[in-house]
Amino acid sequence: MTARLDLLERAPGLRRTLKSRLLQPALQLVMLFFFTLAILTGLFGTAAGSRNFGIVFVWIVWWALLIIVLVPVAGRLWCTVCPIPAPGEWLQRRGIVRRTPGKLRTLHKRWPKQLKNMWLQNFGFLLMASFSAVILTRPQVSGWVLLALMLGAVALGVLYDNRVFCRYVCPVGGFIGLYSMLAPLELRVLDCKTCDEHTAKDCVVGNKQGYGCPWLVYPGKLTRNTYCGLCFECLKTCPKDNITLNLRPVGADLLVAKERRLDEAYKAFIMLGCALAYSAVLLGPWGWIKSWANLDTLPHWLIYAAGLWTLNLVILPGLFGLAAMVSHRLTGEQTSRREAFIAYAYTLVPLGLAAWIAFSLGFVFTNGSYALAVISDPFGWGWNLFGTANSPWTPLGSNLVGLLQTGVLTAGLLFAVQTAYRIARQQTLNHDQAFRAALPVISFLTVLTLGFLWLYLG
Amino acid sequence: MDKRELLARISLALILVVMPVGFFIYQYVLRPAISGVRVIDIRAVAPEAGGFQPDSMQVQAGETVTLRFHAEDVTHGIAIGPGLGIDLGEIDPGHMKEVTLTFDEGGTYTFYCNTWCSPNHWRMRGVIEVRDVSNTIPAAQHDPVIDKLTAEGVDIDDTVHNGGQSNRSQEMDNIQPSAQRGAAVISQLIVPPELKDLDWRRSHFPQEAMALLLVANSNASTSDLVDAVAYLWTENTGSQTLASASSLYSKNCAACHGQTGGADGPMADQTAVKPIAFSDLAYMWLRRDDVLYAKIRRGGMGTDMPNFGTLFTPDETWALVNYLRSLTLTSSNP
């Protein structure tokens, strides 16, 4: 096992804080306040997106914080405080802070086995991406989408036990889970044997201190961050204090071979493809693509959407598949082609996150200053709550953005290259063979990175 | 119940119920109550998306109201007329500008967009009906100039019926009049008395004035006579009036007629009939000021030329006519 730093051992105060039943609801209530404000301003505020709290604080401020800071550093920590599932969960539990006795109050429906994967999240994200130009710029549309997500989460919370919405439906949760594999923060058991010998499995079924894992995970066998929502229920329920928070090397989960799956591989393709598409549509100089994505006419948008789906589900996986097949051949075909394709797809995780960070840098520096104005006039109704309503739009650091994007993409590529080699080494113990085998995938990664650089730098 | 649980539930209720209700109470009850006057929020979007909402309202003469304009899609310019001198300037999308005013007397006023915002920009207007002390809205007055032209049988739409832009005095094509030079030569010429009468000048075109001057000054050069006519046609126009008329022209006319009157504005090729080039001296030499005035106030039938009679006062319209004249009659080289 690679090096780990037990944070809770070094900071006992942190353990006490995370075990408090008040912490998560308190943070969720704060986020719920902002989320409700985003819905209200979206539905009833000005149609000018740059002057609407819902657009600025969700699609600029929150998104930038999520993808540039939270996910790379702390993985799924956003899920800890996310307000979307909170009302549904409180309804299930018939309580917000306290641990209420008895079972969860739901209709106890069973989530279909065929949907116990990321496919719904993959297609959900693609669907949202198809309408992104409209969602990200029209406050009313954005407001309805956010409201629909919350009502959907509540509805699922009534029908099913636990966080079915978060685990299988949330379009944001899908990619946060995937990219959390890179984060240096993880929640794991200290000693697997303790879990094996502990038959009561309080972390799964719950006890007086807390609920069973709402994310339908067995912490004793947790080897990756992908499906752990950092709710810290298991920290509260474990009678053996066998669960902790570690700092670990970046990207450690990428090399956990036995849990690699096709749905996760496709998540990597979809995220990368969408980063490419968003960069071209929202930041690129081609007005016609922008117009088509913006639903100027239905036929144009249909062509755009078809192109987006084809890029993500056929072109990218197809081209990558060719590279992966060559790599697979070069490792002496010691695994199946499908296994090799899926394994190498995880090299797109670091590059994909880097691409999203680079894309987000492109607009957050330019448009972040809108946040000052909307704090004072969230609805665009002419208020001036904090005196900043007339703050002018001020693009920041325009001359730095290209440099930062280049740096991030280069770092992402280097990490992806290293991951490609290490995955190849998992398929052959021979260093030279692994290096040669990784080259086709590395070439694919390099071409993609150059494509992004061309989009951003010209 | 646990205190923390109670606090959490109260917080939830505050967020989901009290906050939304509070926002709307503040916006629609408290804010108008605090302002002390009636506040009317008006949403401004391009006419294709609805224009002004609401686009009509009624107030009492003597009542103070605040009109709050919210631009929601593109930049709009907001002005209110006629005769109020209210021009709020441009409002960028998501921003708001307001004006508090009291209408002294009953009548019908128009608020309108004066920054080109869409192909149907000229339709972006709204109406304020002001009830007078007897609680009636005074009927719109007939324009005496238009009535007089109608009585004379003059075709105001001469662009359609009299050959349009092709009805020009071609001998004026290479001449550049100068009112400034005219000011210097006029004292050396015999000026027939009718040419000194403003009403006569407004109801005749410059070509006719030149013919009368030629009869009285047979030895004068053509250029001196042209300059003299230019001087006579522009002598009543002060520089301040010209400046404000220039601003009116820029905001309301230039999009079609061009910034310098060349009929080369960005929307010139979108109108049903090509806009008139006011910088065409040969054309303007055969046009009457009162017909130009009437066209501006009434609009052009079937030409996409909007009516501005509900936006400008008669004085503002005459100032605009004088400005149009200045495009051909004042030279930068005296």
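How much area is buried between chain B and chain A, and what percentage of it do carbon and sulfur atoms give? The legends below answer this for a predicted model, in which local features need pLDDT of at least 70, side-chain atom pairs count only at pLDDT 80 or more, and totals for chains, interfaces and linings use all residues. Residues are numbered from 1 along each chain as written, chains are lettered from A in the order in which they are written, and side-chain values use heavy atoms, without hydrogens and water.

**View 1. The interface between chain B and chain A.** About 2,200 Å² is buried between the two chains, and carbon and sulfur atoms give 70% of this area. Buried area is the accessible area (1.4 Å probe) that two parts lose on being put together, summed over both. The contact (heavy atoms within 4.5 Å) takes 25 residues from chain A and 24 residues from chain B.

**View 2. The side of chain B that touches chain A.** Helix α1 (3–35) and strand β4 (64–71) of chain B each supply at least two residues of this side. The largest share, 16 residues, comes from α1(B). Helices (H or I, at least four residues) and strands (E, at least two) are DSSP runs, numbered from the N terminus.

View 3. Ser327(A) belongs to helix α17 (residues 298–330) of chain A. Not counting residues up to four places away in sequence, Ser327(A) touches Tyr344(A), Ala437(A), Ala438(A), Pro440(A) and Val441(A).
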